[in-house]
Amino acid sequence: MSKPFAIVTGASSGIGLELAAICAQQGFDLLIAADRPELHTAADRLRSLGAAVTVVETDLANTEGVDRLWAAAAGRPVDALLANAGHGLGHGFLDQDFQDARHVIDTNITGTIYLVQLVARTMRSRRQGRILLTGSIAGFMPGTYQAVYNGTKAFIDSFSFALRAELKETGVTVTCLMPGATETDFFERADMLDTKVGQDKKDDPADVARVGFDAMMRGDGDVVSGWKNKLQSAIANVTPAGVLAEQHRKVAEPGSGQEAHD
Ligand SMILES: NC(=O)c1ccc[n+]([C@@H]2O[C@H](COP(=O)([O-])OP(=O)(O)OC[C@H]3O[C@@H](n4cnc5c(N)ncnc54)[C@H](OP(=O)(O)O)[C@@H]3O)[C@@H](O)[C@H]2O)c1
């Protein structure tokens with residue numbers, strides 16, 4: 001119980017698994033969550049790094065699923081919450097199944113902020129804690145053919161700064177990690193492998209996670225991982241939304257990938 005304790009959501013793959021691995025290497029015990037059995041394989045890797053790992057397989061898109069995760073913490077003080085679980089959904093909005101679109105919102109927004117509220121209240125009482133939210137540079141641009149997803153990340157990017165301000169001088173810091181396109185299961189799960197962004201070279205999730213973890217430990221407000229993404233987000237800030245929406249079409253429209261034309 002003397003080791004610090006972190007909760008990492010979406011720890012079965014991608015950025016979340018790498019965040020959890022860094023936590024393990026830094027001496028944290030872990031409570032990890034995702035909604036597929038691959039999470040148990042991830043837990044084995046994390047245990048091999050020296051962490052005591054509790055695993056909760058649960059759908060974080062609903063409050064009951066989040067309650068199950070929170071119950072597994074069993075009252076142990078949380079030193080760091082890395083709320084990273086999320087997923088995208090490609091194709092035009094009118095061609096998406098509404099329940100699938102809703103699951104993006106429920107996971108990326110509702111489940112995420114519910115968990116943050118539960119954990120942050122205990123952190124505020126203890127006057128210490130670190131929170132890392134995985135937002136995205138997608139939050140800076142309208143996501144043509146990923147419209148709902150980009151909207152959820154705009155929410156998280158904004159929410160993170162607001163909560164950070166509310167928790168000023170409480171000893172609790174809130175940091176938003178804003179990655180660009182990263183080599184994870186994300187694009188396959190979103191059914192975007194035939195898109196340009198799905199096929200382009202992407203960032204290494206271990207590098208992205210390192211940038212996010214370090215920013216969280218410093219207590220920074222936000223961090224955009226990688227210089228190309230920093231440049232892209234700076235340009236997005238001064239580009240009209242309509243232009244950004246058209247640019248997004250070029251990379252996310254179904255069939256926009258090179259291999260789709262071969
Ligand atoms: N990859 C990118 O280009 C990129 C860029 C910017 C931001 N991000 C953000 O980074 C975060 C991690 O994504 P990733 O790229 O690492 O993709 P990933 O490899 O697909 O990982 C997503 C993780 O979230 C979990 N998850 C998704 N929905 C869940 C739900 N309803 N309940 C429980 N767990 C759920 C997944 O678990 P299961 O597999 O068990 O569902 C998995 O562990 C997401 O918030 C994503 O939006 C990604």
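## Helices lying across the sheet

In this predicted model, helix H2 lies across strands E2 (29-34) and E3, and its direction makes an angle of about 170 degrees with E3. Helix H3, spanning residues 63-72, also lies across E2 and E3, as well as across strand E1 (5-9). Relative to E3, H3 runs at about 165 degrees.

## The sheet itself

The open sheet is built from 7 strands, and reading across it gives the order E3-E2-E1-E4-E5-E6-E7, with parallel pairing. Strands E3 (53-57) and E7 (222-224) each have a single partner strand and stand at the edges, so one side of each has no neighbour in the sheet. From one strand to the next, the twist averages 15 degrees.

Cys176 has Asp222 in E7 as its bridge partner.

## How H1 and H2 pack

Helix H2 (residues 38-48) also packs with helix H1 (residues 14-25). Their axes are 9 Å apart and form an angle of about 25 degrees. An angle under 35 degrees counts as roughly parallel, and H1 and H2 are therefore roughly parallel to each other. The crossing of H1 past H2 is right-handed.

Which residues in H1 and H2 meet? From H1 come Leu17, Glu18, Ala20, Ala21 and Ala24, and they meet Ala42, Arg45 and Leu46 in H2. Sorted by class, this contact has 6 nonpolar and 2 charged residues, with no polar ones.

Methods
Residues numbered from 1 in each chain as written. Predicted model: local features only at pLDDT ≥ 70, side-chain atom pairs only at ≥ 80, totals over all residues. Heavy atoms only, no water. Axes fitted to C-alpha atoms, helices over the stretch in contact; angles between N-to-C directions. Helix = DSSP H or I, 4+ residues; strand = E, 2+ residues; numbered from the N terminus. Parallel < 35°, antiparallel > 145°, perpendicular 65-115°, else oblique. Left-handed = near helix turned anticlockwise from the far one by under 90°. Contact = heavy atoms within 4.5 Å. Nonpolar A, V, L, I, M, F, W, Y, C, P; charged D, E, K, R; others polar. Pairing = 2+ DSSP bridges.
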